[in-house]
Amino acid sequence: MRLVPPLPRAEHAVEMLDGPAALDDLSRSLAEVARLNALFGGRLITMAHVKRLIAAIPSHRRVTVLDVGTGSADVPLALVRWARRAGRPIRVLALDRDLPTLGIARRAAAGYPEIVPIQGDALALPVRPRSVDIVISALTLHHLEPEPAVRFLVELDAAARSGFVVNDLARSRSAYVLVWLATRVFTRTRMSRHDGPLSVRRAYTPGEVRALCEKAGMFDVRVFRYAPLTRQCAVRVKR
């Protein structure tokens, strides 16, 4: 018997990032999110799974990646830097719905012609089916309630030829405490300190993510949990 009940999901809660915000506040908060993503291994987890998918693609062919909900484009930047070192031709479409956020991503990606910022809705991706090799998304799933989350997964899967990687927080009481502490120690903005812990409460558990994938018609998705990092990754490899 559980001594402490599971942390319930905060349905329909709204993060400050999802509403109107001053550009300076938005820019500083996105920079803090990127820093936390680097410090606590979230970016490395995405990169590890993406590299495995890329390894199955012929080395002479340019790899195309779509990053849905790119934020400050920290993952596309890391991916392009790795591809340059590895000698892998690559093109990354950095997609975000919010124009101010996309402007921040565009400035961050200046000097990286491999990265193409595009505006678009995660629930109606502006790409043709199977038009990119790999679709990735980090810290976007928890912003969606279950029904749109299923649509989101369907859209990602339809766009990808080789597979997708969805990285997000994993909801638990310990994750809530860890993220609350991290945002107090490593961030300064009110937006980050408000949204970080709330993001955990909005996130899904690994079991819930599996159920969302199955509802989307995908029964071969593997969900990897990284409890010490408060993260999980849903990965589909298309054979």
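I started with L139, which lies in the loop between strand 4 and helix 5 (146-159). I kept in mind that this is a predicted model. L139 has a phi near 60 degrees, positive in a residue other than glycine. I noted that most residues other than glycine have a negative phi. Is L139 buried or exposed? It counts as buried because its relative accessibility is 18%, and the cut-off for buried is under 20%.

Next I looked up R130, in the loop between strand 3 (115-119) and strand 4 (132-138). R130 is not a glycine either, yet its phi is positive, about 55 degrees. I put R130 down as partly exposed because its relative accessibility is 47%.

Then I went to helix 7, residues 190-202. I read 18 Å from the first C-alpha to the last over its 13 residues, close to the 18 Å expected at 1.5 Å a residue. Its buried residues are M191, S192, D195, G196, P197, L198, S199, V200 and R202. What covers them? I found helix 1 (23-39), strand 5 (160-169) and helix 6 (173-186) included in the cover.

Last, I checked the second largest pocket, with a volume of about 270 Å³. It is lined by 13 residues, and L53, V235, R236, V237 and R239 are the closest to its centre. Helix 2 (42-55), strand 6 (222-226) and strand 7 (231-237) are the elements that each give two or more residues to this lining. By type, I wrote down 5 nonpolar, 2 polar and 6 charged residues for the lining.

Methods. Residues numbered from 1 in each chain as written. Predicted model: local features only at pLDDT ≥ 70, side-chain atom pairs only at ≥ 80, totals over all residues. Heavy atoms only, no water. Helix = DSSP H or I, 4+ residues; strand = E, 2+ residues; numbered from the N terminus. Expected span 1.5 Å × (residues − 1). Buried < 20%, exposed > 50% of the residue type's maximum accessible area, 1.4 Å probe, protein only. Contact = heavy atoms within 4.5 Å. 1 Å grid on protein atoms, 1.4 Å probe; cavity = no way out; pocket = protein on both sides within 12 Å on 5 of 7 lines; lining within 4 Å. Points joined across faces, edges and corners; volume = space filled by probe spheres on them. Nonpolar A, V, L, I, M, F, W, Y, C, P; charged D, E, K, R; others polar.
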